[in-house]
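Here's a quick briefing to read alongside the model. Have a look at the fold first, then work through the topics below.

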Amino acid sequence: TTEELMRTVRAQVSITVPPGMIRYDNECPDAQILGNRIRLSRAVINVITNAWYAVEQKGEENKKESIRVQVYLEGASIVIQVRDRGVGISPEKIRRIWELGYSGRHSTGLGLAFTRQVVENHRGTIEIESEEGHYTEVTIVLRKEEKGNGEYEKDSCH
């Protein structure tokens, strides 16, 4: 379920990101995703960690809830959206961001390439929207798991 996935993400992120910086909103905790929980959680953790670095670089005094993680349904899809109020990403860097080995902050450059591969291996999509100096928003869209009879699992989302 998205609740189990986000519980795993929160446990790992809490080791790195200071408390209070992230706001989590899961509108569909019972919705199910068919996939590898470890890889999916690692992908979401990569996105949140990048958001944290962007907020840290901006150096604003009020960092409370400067990262928002939303999980919601859109049709037959589960959307995981991470938005930060960090430094943003230039259009030039966005064009290269998925390249294996590319890094805007002198890391290995494996994180977002891995994240994209995991999302696509789960038949999902990932997109980035950003405005330099203001924000970055990463949207992951995954298919919601279906019942055997072709109907979607009943969950708490409407």
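Tyr 53 is partly exposed, with a relative accessible area of 32%; buried means under 20% relative accessible area, exposed over 50%, and partly exposed in between (1.4 Å probe, protein chains only). This is a predicted model, where local features need pLDDT of at least 70 and side-chain atom pairs count only at pLDDT 80 or more, while totals for chains, interfaces and linings use all residues. Residues are numbered from 1 along each chain as its sequence is written, and side-chain values use heavy atoms, with hydrogens and water left out.

**The aromatic pair**

- Searching the whole structure turns up one aromatic pair, and it's Trp 52 with Tyr 53.
- Their ring centres sit 5.0 Å apart with 45° between the planes, so the pair goes down as tilted. For the cut-offs, rings of Phe, Tyr and Trp (its six-membered ring) pair if their centres lie within 6.5 Å; planes under 30 degrees apart count as stacked, over 60 as edge-to-face and the rest as tilted.

- Five strands make an open sheet with mixed pairing, in the order E1-E2-E3-E5-E4. Helices (H or I, at least four residues) and strands (E, at least two) are DSSP runs, numbered from the N terminus, and two strands pair if DSSP finds at least two bridges between them.
- E1 and E4 are the edge strands with a single partner strand each, so one side of each has no neighbour in the sheet.
- On average, neighbouring strands are turned by 15° against each other, direction ignored. Axes here are lines fitted to C-alpha atoms, for helices over the stretch in contact, and angles run from 0 to 180 degrees between N-to-C directions.
- E3 and E5 pair antiparallel over eight bridges; Gln 81, for one, has Thr 139 in E5 as its bridge partner.
- H1 packs on the sheet and touches E1, E2 and E3, its direction making about 170° with that of E1. Contact means heavy atoms within 4.5 Å.
- H2 packs on the sheet too, touching E1, E2, E3 and E5, at about 20° to the direction of E3.

**The core**

- The largest nonpolar core holds 37 residues. Such a core is a set of buried Ala, Val, Leu, Ile, Met, Phe, Trp, Tyr and Cys residues joined through side-chain atoms within 4.5 Å.
- Val 9, Val 13, Ile 22, Tyr 24, Ile 48, Ile 67 and Val 69 have the most contacts inside this core.
- Elements giving two or more residues to the core include helix H1 (2-16), helix H2 (37-58), strand E3 (77-84) and strand E5 (135-143). H2 gives the most, with nine residues.

**Salt bridges**

- How many salt bridges are there? The count comes to six, taking a salt bridge as a side-chain nitrogen of Lys or Arg within 4 Å of a carboxyl oxygen of Asp or Glu.
- Arg 23, Asp 25 and Arg 68 are linked in a network. Asp 25 meets Arg 23 at 3.1 Å, N to O, and meets Arg 68 with the closest N and O atoms 2.8 Å apart.
- Arg 68 is in strand E2 (residues 67-74) and Asp 25 in strand E1 (residues 22-26), so this pair ties together parts that are 43 residues apart in sequence.
- Both arginines are partly exposed: Arg 23 at 35% relative accessibility, Arg 68 at 32%.
- Glu 56 forms another bridge, to Lys 63, with 3.1 Å between the closest N and O atoms; Glu 56 is partly exposed at 33%.

**Loops worth a look**

- Most residues other than glycine have a negative phi.
- Glu 65, in the loop between H2 and E2, has a positive phi of about 50° and is partly exposed at 35%.
- Arg 123, in the loop between H4 and E4, has a positive phi near 60° and is exposed at 54%.
- Cys 28 is in the loop between E1 and H2 and is buried, with 0% relative accessible area. Cys 28 and Tyr 72 are 44 residues apart in sequence, yet 5.7 Å apart in space, C-alpha to C-alpha.
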